[in-house]
Amino acid sequence: MADIAVSAHGLGKRYRLGRVESGFQQLRRRARRRTGPGYLWALRDITFDVPEGEALAIIGSNGAGKSTLLKLLARLTEPTTGYADVAGRVGALLEVGTGFSPELTGRENVYLNGTLLGMSRREIDRRLDEIVAFSGVEQHLDKPVKWYSSGMYVRLGFAVAAHLEPDILIVDEVLAVGDLAFQQKCLGRMGEVTEGGRTVLFVSHNLAAVSALCPQAMYLRDGQVSARGPTRAVIDQYLHDVKATARVDVRDRIDRDGDGRIRFTEVSVAGGKVKTGGECEISLFYEGTAGAGRVRVACAVYGAFVEPLFQCLNDDSGDLIGELGAEGSFTCTIPRLPLAPGHYTLSVICEIDGKVADWVSHAAVLEVVEGDFFGTGRLPSLAHGAFVVDHAWRSEPVTAPAARLSRSAS
Amino acid sequence: MQAAESQAVSPRAATAHPKGVHRIQPTSWLVPVDFRELWRYRELVRFFVLRDAKSRYRQTYLGPAWAIVRPLMTIVIFSVIFGNLAGIETDTDIPYPLWVTPGVLAFGYIATALSNTSTSLVNNSNVITKVYFPRLYVPLSTALTPIIDFVLGLLVLLGLFAYYHRAPSWHIIFLPGFLGLAGLVVVGVGLWLSSFTARYRDVVFGVPFLVQIWQYATPVIYPVSFIPPSYQWLLYLNPFTAVVNGFRWSLLGVPFGSPWALVASVSIAVGVTVTGLFVFRRTERIMVDLL
């Protein structure tokens with residue numbers, strides 16, 4: 001019998017809406033005989049089991065209750081209803097380098113952070129060399145971390161987390177920090193953890209990471225479990241649900257990269273959905289303080305299984321951009337969209353003077369419907385793969401037709 | 001129906017799991033202190049104190065010398081105003097500056113610890129909202145950190161002993177006990193105040209006044225005999241009276257006064273701390289939603 005690592009039964013969490021009222025506000029409200037601020041169920045009747053050794057991804061749009069569920073399982077707050085049984089030690093990574101203090105040295109911060117995450121002093125002593133080697137900050141270990149670059153800081157924080165050995169590991173989008181190479185390293189390390197037979201709960205917007213790491217997924221929608229099963233099927237349903245909202249607000253996405261000189265606010269696809277072979281117009285709205293610079297803006301397209309398909313980059317198309325407003329938009333036009341019907345995701349990235357300003361992965365979903373790509377008046381036959389490409393056929397017989405051939409042989 | 005369901009499920013959860021099963025559920029009104037968990041996380045106290053001590057005097061020129069300058073200035077001001085101008089009688093042959101110092105050091109610790117402790121949860125919200133650990137260690141370690149300042153402040157006392165050619169009393173061996181009593185009261189009151197601060201930030205504004213009033217209600221600048229005998233019992237209800245008297249008794253060897261002050265102080269300290277623990281544990285469950 002496979003042991004159950006996490007078993008939730010009817011978990012619910014209710015929040016009171018609005019801020020704490022001041023005494024004066026309360027008096028005024030009572031005088032007007034109004035009722036108090038309402039309540040919001042962030043989670044409702046969540047029931048699920050996670051067998052030991054399973055890596056379960058939790059996906060869902062912003063506000064679907066993913067973070068609340070994580071907070072409950074990490075014991076940060078209490079459920080309002082229901083309960084969850086958790087077997088063994090839980091390690092929750094809701095942030096990289098929790099509790100790091102700028103005045104403490106790298107070494108002291110490793111101990112502080114490790115202790116906060118539930119490691120004993122002896123465990124940290126034993127793993128210190130590994131942690132330091134993983135982080136690559138050996139030479140600065142005894143300097144206060146206020147002298148660290150942000151990259152070093154994050155690497156050290158993740159190194160501690162990566163060497164935590166809980167029975168159940170809960171990870172919130174912490175992987176969405178650092179440079180790409182470091183992200184790869186982290187993903188690799190998480191893969192090792194799951195292969196080691198530990199239970200992992202992973203919340204992320206990064207569908208590529210989710211499908212690479214977690215064979216199983218759970219999809220939360222409006223505080224309830226909407227789907228639970230093999231990751232591909234669950235991602236498919238998720239993409240189906242979030243499909244083609246005319247404009248996707250990405251302001252609240254925290255799992256982004258870049259220095260923030262500009263920030264994408266919305267991503268929209270003209271007309272909501274696009275026909276195969278139709279004109280596709282993708283607009284990226286931003287606000288920021290960048291002013292002028294050499295701007296490289298790209299929109300990368302991923303398939304239903306989050307495999308990268310292609311990207312549109314202004315540098316490649318020769319459309320140079322040198323000036324930015326405090327607010328504005330970039331619009332990318334693909335005259336004849338070569339994608340087969342289905343759901344695709346769009347990641348958007350903007351680089352100014354060679355440094356990433358903002359990067360939101362899987363910011364929006366592109367829904368493609370059947371269309372007359374070839375202009376033949378007919379719809380293309382069922383697609384093989386993601387692309388429909390312009391092509392032509394030619395037939396050139398080199399020798400005489402078969403019928404004559406057989407006659408000459410006789 | 002919900003109840004029936006959980007009845008049916010709980011036996012499985014109750015069976016012994018090799019790693020131990022923890023149940024996450026809405027807790028009842030009274031949450032006892034989990035001492036085993038506290039023991040497991042004991043290292044936290046060390047690192048919290050280290051962190052707070054290291055960041056206390058950052059970006060200052062004098063650095064830890066402030067731990068000496070501050071009580072020294074207070075002693076000078078008190079000696080000039082209350083010792084000379086107001087001419088407060090201390091009932092001993094000890095010069096006023098030396099007489100007032102134990103109280104100044106004691107209350108210096110109390111004031112710093114009390115105001116830091118009351119805001120400790122809010123100040124540590126970045127950690128509290130991100131990881132679970134026994135939150136009790138936040139106010140506890142915050143109350144411990146100013147002891148470093150207190151020990152440095154004892155240098156002022158040593159200087160005054162040398163200046164007046166006097167020596168501390170042998171009672172000094174009891175000093176840690178009175179410091180512990182001060183700490184216990186501070187932790188107890190701090191637990192109450194920090195729990196309130198999580199809900200209502202008003203406390204942040206109120207605490208400086210509380211500390212100031214409390215200092216005048218404690219025989220720091222005046223002896224107990226300064227108050228008419230029929231009202232002295234009021235003074236003894238203040239748990240810090242025994243602390244300040246105890247500091248004077250152990251450092252200067254002056255009479256302690258009524259032993260009932262100590263009985264009252266210890267009882268109040270224990271009472272405030274025990275009730276504070278429950279209030280704190282109750283807030284702890286939902287702290288993250290408040291911060």
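**Note on a predicted two-chain model**

1. V86(A) stands opposite H22(B), a residue of β1(B). The model is a predicted one, in which local features need pLDDT of at least 70, side-chain atom pairs count only at pLDDT 80 or more, and totals for chains, interfaces and linings use all residues. Residues are numbered from 1 along each chain as its sequence is written, while chains are lettered from A and ligands numbered from 1 in the order in which they are written.

2. The strand of chain B in this pairing covers residues 21-24, and β4(A) pairs with it in the antiparallel sense over four bridges. Strands (E, at least two residues) and helices (H or I, at least four) are DSSP runs, numbered from the N terminus. Two strands count as paired if DSSP finds at least two bridges between them.

3. Which strands make up the open sheet, and in what order? There are four, in the order β2(A)-β1(A)-β4(A)-β1(B), with antiparallel pairing. At the edges are β2 (39-51) of chain A and β1 of chain B, each of which pairs on one side only. From one strand to the next the twist averages 20°, with axes being lines fitted to C-alpha atoms (for helices over the stretch in contact) and angles running from 0 to 180 degrees between N-to-C directions. Inside the sheet, β1(A) and β4(A) run antiparallel and are joined by five bridges. A8(A) has A84(A) of β4(A) as its bridge partner.

4. Between the chains, 36 residues of chain A are in contact with 34 residues of chain B; contact requires C-beta atoms, placed from the backbone, within 7 Å. On the chain A side, β1 (4-16), α2 (66-73), β4 (81-87) and α3 (106-116) each supply at least two residues. That side has 17 nonpolar, nine polar and ten charged residues. In this count Ala, Val, Leu, Ile, Met, Phe, Trp, Tyr, Cys and Pro are nonpolar, Asp, Glu, Lys and Arg are charged, and the others, Gly among them, are polar.

5. Chain A is divided into domain 1 (4-241) and domain 2 (247-369), with bounds that come from an automatic or database domain assignment. Taken over C-alpha atoms, the centres of the two domains of chain A are 28 Å apart.

6. Helix α5 of chain A (residues 150-162) reaches 18 Å from its first C-alpha to its last, close to the 18 Å expected at 1.5 Å a residue. The expected span is 1.5 Å times one less than the number of residues. Ten of the 13 residues of α5(A) are buried, including R155(A) and F158(A). Buried means that 20 or more other C-beta atoms lie within 10 Å of the residue's own; 12 or fewer is exposed, and in between is partly exposed, with C-beta atoms placed from the backbone.

7. S329(A) is in strand β18 (residues 327-334) of chain A. Why is S329(A) partly exposed? Because it has 14 C-beta neighbours inside 10 Å. Leaving aside residues up to four places away in sequence, S329(A) touches S283(A), L284(A), F285(A) and Y286(A).

8. Chain B has 15 helices and one strand, and of its 291 residues 40% count as buried. Its C-alpha trace spans about 75 × 50 × 35 Å along its principal axes. In helix α8 of chain B (residues 137-144), eight of the eight residues are buried. These buried residues pack against α3 (43-56), α5 (96-118), α6 (120-123), α9 (146-163) and α10 (175-199) of chain B.

Methods:
Contact = placed C-beta atoms within 7 Å.
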